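Trainee: I've just opened this one and would like a guided tour. Could we go through it step by step?

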Amino acid sequence: MKTKSELAAEQAAYWNGPGGDGWLAAYDQRIKRAIGDIGDIGLAAAAPQPGERAVDIGCGTGDTTAALARAVGLTGHVLGVDISGTLIDAARSHRLENATFVVGDAATHPFQAGHYDLVFSRFGVMFFADPVAAFRNIRRALKLSGRLAFIAWRTPQENPWGTTPTRAALPFLPPQPRPGPEDPGQFAFGDRARVERILSEAGFHKLRLEPIDRLIWMGDSVADVVAGAGRFGPLARAFANAEPAAIDKAKQAIAEVLAPHEGPDGVRLPGACWLVEANAN
Ligand SMILES: C[S@@+](CC[C@H](N)C(=O)[O-])C[C@H]1O[C@@H](n2cnc3c(N)ncnc32)[C@H](O)[C@@H]1O
């Protein structure tokens, strides 16, 4: 079993390497459309107010940071934190007057204590090696009256958009390490009881977890999805060490399994998230 520091180092290397590069390459064309409306639900629940100070954890390319910045206005401020230098460089191109972007590990970043009204994240909090310690650090940043609102994926079983292509492709690709259910990663916050335990142990109160179920847009057509397959996420790791013939077979398998899901609005498969809200006190 890997130690917490090995897991943390692995995540930092991934998001500063292939993970960050892949996310950036696919963001404008695909990811933005796939997760935009779910993020909007999170932002509406977070309800940033003029004059507030907010943090966007794992802010990526900074779109949600920009939305928070618009809402808090020039009397407020937003801090976007991300472990990926690549993605923070992209986020800085928003050139926001009332936001600052820093490269940092939100688990240990020295936030100004008791300073923030709101901590928000869209899919940026599932990658901590020690989530209780990370959320303790995040909670310290909040005022006593502060609040937390984030979006995270539920279990892999509830997210066929993520698992269906991977499952179809993997038999043709070199064996991949299987992350444990509590290892950092995309689906690490799937289990409601685990999320509640992490946040309670970190000192949060009044936890609310609301399921959000949506069809996730994956591309304009099967051919479009297949063309983008392996650019980021678990398949990128598997494709990286595979022979071209094996990749072709894997892509064929993905095309077959996605074909029934193609419609006039493109390829859409079910996705399932938590909207998680909590109070600092
Ligand atoms: C799935 S992406 C989401 C990005 C962004 N929130 C969005 O919705 O577009 C996850 C993000 O979390 C960041 N991340 C992962 N571990 C982190 C950590 N320990 N501290 C800060 N950011 C982290 C990654 O670099 C990546 O940008």
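**Two helix pairs**

Mentor: Let's start with a packed pair in this predicted model. Helix H6 (residues 160-169) and helix H10 (residues 244-258) pack with their axes 8 Å apart, at an angle of about 135°.

Trainee: Are H6 and H10 parallel, antiparallel, perpendicular or oblique?

Mentor: The angle between H6 and H10 is about 135°. Roughly antiparallel would need over 145 degrees, and roughly perpendicular runs from 65 to 115. That is why the word for H6 and H10 is oblique.

Trainee: Which residues of H10 make the contact with H6?

Mentor: The crossing of H6 and H10 is right-handed. On the H6 side you'll find Thr164, Pro165, Ala168 and Ala169. Facing them from H10 are Ala250, Ala253, Ile254, Val257 and Leu258.

Trainee: What is the handedness of the crossing of H5 and H7?

Mentor: Helix H5 (residues 131-141) and helix H7 (residues 192-201) have axes 8 Å apart and an angle of about 50°, so these two are oblique to each other. Pro131, Val132 and Phe135 in H5 meet Ile198, Leu199 and Glu201 in H7. The crossing of H5 and H7 is right-handed.

**The chain as a whole**

Trainee: Stepping back, how many helices and strands are in the protein chain?

Mentor: The C-alpha atoms fill a box of roughly 55 × 45 × 30 Å along the principal axes. Counting up the elements in the protein chain gives 10 helices and eight strands.

Trainee: What radius of gyration does the protein chain have?

Mentor: A compact globule with 281 residues would come out near 19 Å. The protein chain agrees with that, because its own value is 19 Å.

Trainee: What share of the contacts with a separation of 6 or more is between residues 24 or more positions apart?

Mentor: For background, 42% of the 281 residues count as buried. As for the contacts you ask about, residues 24 or more positions apart account for 79%.

Trainee: Which residues does alanine 152 touch?

Mentor: Leaving out residues up to four places away in sequence, alanine 152 touches Phe123, Val125, Met126, Phe189, Cys273, Trp274 and Val276.

Trainee: Is phenylalanine 123 buried or exposed?

Mentor: Phenylalanine 123 is found in the loop between S4 and H5, and has a positive phi of about 60° although it is not a glycine. Around it are 22 other C-beta atoms within 10 Å, and 20 or more is the cut-off for buried. So phenylalanine 123 is buried.

Trainee: What about lysine 206, buried or exposed?

Mentor: Lysine 206 lies in strand S6 (residues 205-219) and has a positive phi of about 50°. It has 10 C-beta neighbours inside 10 Å, and 12 or fewer is the cut-off for exposed. Lysine 206 therefore counts as exposed.

Trainee: How far apart in space are glycine 271 and arginine 214?

Mentor: Glycine 271 lies in strand S8 (residues 266-279) and touches Asn159, Trp161, Arg214 and Ile216, not counting residues up to four places away in sequence. In sequence, glycine 271 and arginine 214 are 57 residues apart. In space, C-alpha to C-alpha, the distance between them is 5.3 Å.

Trainee: Last one: which glycine follows H3?

Mentor: Helix H3 (residues 63-72) has buried residues Asp63, Thr64, Thr65, Leu68, Ala69 and Val72. Their cover includes helix H2 (18-46), strand S1 (53-57) and helix H4 (85-92). After H3 comes a residue with a positive phi, near 70°: glycine 73.

How values were computed
Residues are numbered from 1 along each chain as its sequence is written. This is a predicted model: local features need pLDDT of at least 70, side-chain atom pairs count only at pLDDT 80 or more; totals for chains, interfaces and linings use all residues. Helices (H or I, at least four residues) and strands (E, at least two) are DSSP runs, numbered from the N terminus. The radius of gyration is taken over C-alpha atoms; the globule rule is 2.2 Å times the number of residues to the power 0.38. Two residues are in contact if their C-beta atoms, placed from the backbone, lie within 7 Å. Axes are lines fitted to C-alpha atoms, for helices over the stretch in contact, and angles run from 0 to 180 degrees between N-to-C directions. Angles under 35 degrees count as roughly parallel, over 145 as roughly antiparallel, 65 to 115 as roughly perpendicular and the rest as oblique. A crossing is left-handed if the near helix is turned anticlockwise from the far one by less than a right angle, and right-handed if clockwise.
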